[in-house]
Amino acid sequence: MKKVQLITDGSCVGNPGPGGWACILRYGPRKKELWGSETQTTNNRMELTAALRGLEVLKERCEVEVVTDSEYVKNGITTWINNWKRNGWKTKARKPVVNQDLWEELDAQVSRHDLRWTWTKGHADHPDNNRADELATRAAREQSSSAV
């Protein structure tokens with residue numbers, strides 16, 4: 001099984017506001033950068049979208065280490081989602097789960113791969129996380145996207 005590293009980040013100019021997401025896929029010596037934008041969104045939606053878009057491009061089942069600086073994404077997909085699904089997509093406070101549409105899509109992508117989620121401190125010493133941040137911020141400001 002192929003071993004892939006997926007480094008993700010999201011950005012928003014204002015929150016909500018224009019947003020951007022980016023991810024870097026590494027497989028052996030290969031590196032692929034992807035990014036995109038939305039005109040009106042939130043930072044959390046962009047963080048989720050980065051992970052989702054990165055996983056979507058993998059054509060076969062892989063061992064994937066997802067590196068994120070978003071505790072929201074990491075905790076949501078590894079811990080909170082089980083209770084949300086059990087509770088009919090409601091939080092402990094019986095409120096609807098925010099970003100349920102993206103959580104459901106991400107959950108479907110997660111089931112296609114063997115995943116390990118790793119949190120890294122943002123704006124620190126992880127070169128690929130810093131690059132993903134740069135791409136996501138640029139995508140948000142320029143409302144640009146890469147060719148997929």
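Leaving aside neighbours within four places in sequence, which residues is S11 in contact with?

## S11 and its surroundings

They are P18, G19, G20, N43, M46, A136, T137 and A140, where contact means heavy atoms within 4.5 Å. This is a predicted model, so local features need pLDDT of at least 70 and side-chain atom pairs count only at pLDDT 80 or more, while totals for chains, interfaces and linings use all residues. Numbering runs from 1 along each chain as its sequence is written, and side-chain values use heavy atoms, with hydrogens and water left out.

S11 sits in strand β1 (strands are DSSP E runs of at least two residues, helices H or I runs of at least four, numbered from the N terminus). S11 is buried, with a relative accessible area of 10%; buried means under 20%, using a 1.4 Å probe and protein chains only.

## Helix α1

M46, one of the S11 contacts, belongs to α1 and is buried there. Also buried in α1 are E47, L48, T49, A50, A51, L52, G54 and L55. The helix covers residues 43–56, 14 residues in total. From first C-alpha to last, α1 reaches 20 Å, close to the 20 Å expected at 1.5 Å a residue (1.5 Å times one less than the number of residues).

Conventions:
Buried < 20%, exposed > 50% of the residue type's maximum accessible area, 1.4 Å probe, protein only.
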